[in-house]
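Open the model in a viewer and follow the selections below in order.

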Amino acid sequence: MTPNPLALIAEITHRCPLHCVYCSNPVQMVAKQAELATEEWVRVLQEVSRLGVLHVHLTGGEPAARADLEELIAGARKAGLYTNLITSGLGISETRLPKLVDAGLDHIQLSFQDSRDGPAQWIAGAKGHTYKIVLAEIIRQLPLAFTVNLVVHRQNLDHIEEMIEFIEQLQPERIEIAHTQYYGWALRNREYLVPTPEQLDRCTRAAEDAQTRLAGKTRIDYVVPDYYARYPKACMGGWGRRTLLIDPSGRALPCHAAGVIPDIQFDSVREHSLEHIWQESAAFKMFRGHDWMPEPCKSCDRKEQDFGGCRCQAFLVTGDATATDPVCSLSPDHHLIEIARAAAAAAEQPAWSYRTSVE
Amino acid sequence: MAAPLPDSQPRLAPGCRWATHAEKPVVLYPEGMIRVQGTGQNILELCDGERTIQQIVATLAEKYAASEPDKIMDDVCSFLEGLRNKRIVDY
Ligand code: SF4
Ligand code: SF4
């Protein structure tokens with residue numbers, strides 16, 4: 001038997017008022033009419049809790065685009081789950097936030113695009129920066145854990161120190177400095193987003209300085225992006241090992257991006273129990289263990305640490321979901337990553353694809 | 001930042017709370033959970049935002065009939081400092 005999952009990522013809607021160029025949502029999004037209903041989500045939350053899940057991460061899209069967010073949070077709390085809301089802040093008014101906290105919200109993760117209004121609007125394709133600052137002040141007065149998430153990339157890394165200082169003023173317990181991951185819309189915009197090696201060094205130094213300076217006050221979470229690492233990360237802690245994601249229409253996936261891999265049938269919570277999906281479904285079994293692995297992974301002593309990296313990235317970059325993750329320096333396809341880095345270094349004025357809307 | 005002072009009043013940080021997992025007490029926090037047992041559990045249960053470090057140490061010294069309160073003070077402070085760096089405890 002596979003150990004049961006510990007975390008659920010509940011992608012409750014793909015609707016979002018922003019159009020971030022680094023959005024990792026799938027390019028094919030789920031429309032409102034296909035979304036799971038309130039009762040369906042509440043049932044899912046109870047089921048995953050019985051399976052042993054402790055944390056639910058409510059995300060999207062913008063989760064606040066759902067009018068029943070309060071009910072979903074209450075359902076999660078009633079099921080005994082620790083509830084985290086990953087939000088752009090838009091759609092959460094001053095009067096709505098206390099209701100979410102009363103319903104049982106434990107942690108809010110608010111994303112910022114930049115420290116400056118103009119650039120933030122340019123990246124998000126919409127206004128919102130000044131409201132986020134207002135919301136951060138309200139969050140700080142409520143009894144919940146507060147994390148600020150800052151997505152960094154080539155277009156904003158030249159003022160990373162200023163961005164960290166800006167976020168410090170908001171007094172979160174945690175700052176997550178997240179390098180862009182190239183899925184969905186972000187992959188389309190990759191050549192304008194991949195940082196230069198100099199930017200990366202500077203960012204790592206700034207993050208380490210902040211870690212020392214803010215110890216005990218604000219925790220800094222920072223991971224070197226895998227396009228510049230020697231080995232891949234254990235994506236999602238390994239395929240179908242710890243986490244499951246449910247998309248707005250109820251399809252259960254091992255991660256955000258898995259829907260891009262062709263020829264995998266992802267079962268729906270409308271048709272199967274979560275236990276069946278986790279233990280028995282072909283999709284979750286597909287990349288568990290080592291049998292599927294190619295060389296050099298199969299005989300590599302890191303295979304229990306990173307599980308051969310990300311299957312979606314392998315597919316998106318090499319066209320083969322069973323290949324070694326090309327970000328690995330041992331991968332025979334690693335030159336594709338080197339080419340992408342070089343293309344980014346040569347790219348000029350961005351001609352973005354903004355993430356589109358879905359209704 | 002520094003270790004707690006004798007009159008600090010430690011408590012769980014915002015958004016961190018007790019729960020039960022597999023019939024054992026745990027503290028849930030944004031990134032995960034910590035299993036708390038034994039001395040750690042005894043210390044954390046006393047961190048209610050009211051009691052001072054001094055009072056917590058005195059309670060523990062009595063409980064364990066220990067002759068070295070200084071040693072308990074050191075252990076309690078370094079335990080809580082570690083948890084504050086993880087943003088699970090405030091004082
Ligand atoms: S990354 Fe931006 S566009 Fe994508 S879901 Fe989040 S806020 Fe919306
Ligand atoms: S060869 Fe495979 S298992 Fe080894 S480090 Fe690279 S991705 Fe990981």
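**Aromatic pairs**

Over all chains, a search of the whole structure finds 7 aromatic pairs (Phe, Tyr and Trp rings, the six-membered one for Trp, with centres within 6.5 Å; planes under 30 degrees apart are stacked, over 60 edge-to-face, the rest tilted). Select A:Tyr182 and A:Tyr227, an edge-to-face pair at 4.8 Å centre to centre with 65° between the planes. The pair links distant parts of the chain, 45 residues apart. Both A:Tyr182 and A:Tyr227 are buried (under 20% relative accessible area; exposed is over 50%, partly exposed in between, with a 1.4 Å probe and protein chains only).

This is a predicted model: local features need pLDDT of at least 70, side-chain atom pairs count only at pLDDT 80 or more, and totals for chains, interfaces and linings use all residues. Residues are numbered from 1 along each chain as its sequence is written, chains are lettered from A and ligands numbered from 1 in the order written, and side-chain values use heavy atoms, leaving out hydrogens and water.

**Charges over rings**

Next, select A:Lys132, whose charged end sits over the ring of A:Phe112, 5.7 Å from its centre (NZ of Lys or CZ of Arg within 6 Å of the ring centre and within 35 degrees of the ring normal). For A:Arg311, the charged end sits over the ring of A:Phe287, 5.9 Å from its centre.

**Ligand 1**

Residues surrounding ligand 1 include A:Cys16, A:His19, A:Cys20, A:Cys23 and A:Arg355 (a heavy atom within 4 Å).

Definitions and conventions: Helix = DSSP H or I, 4+ residues; strand = E, 2+ residues; numbered from the N terminus.
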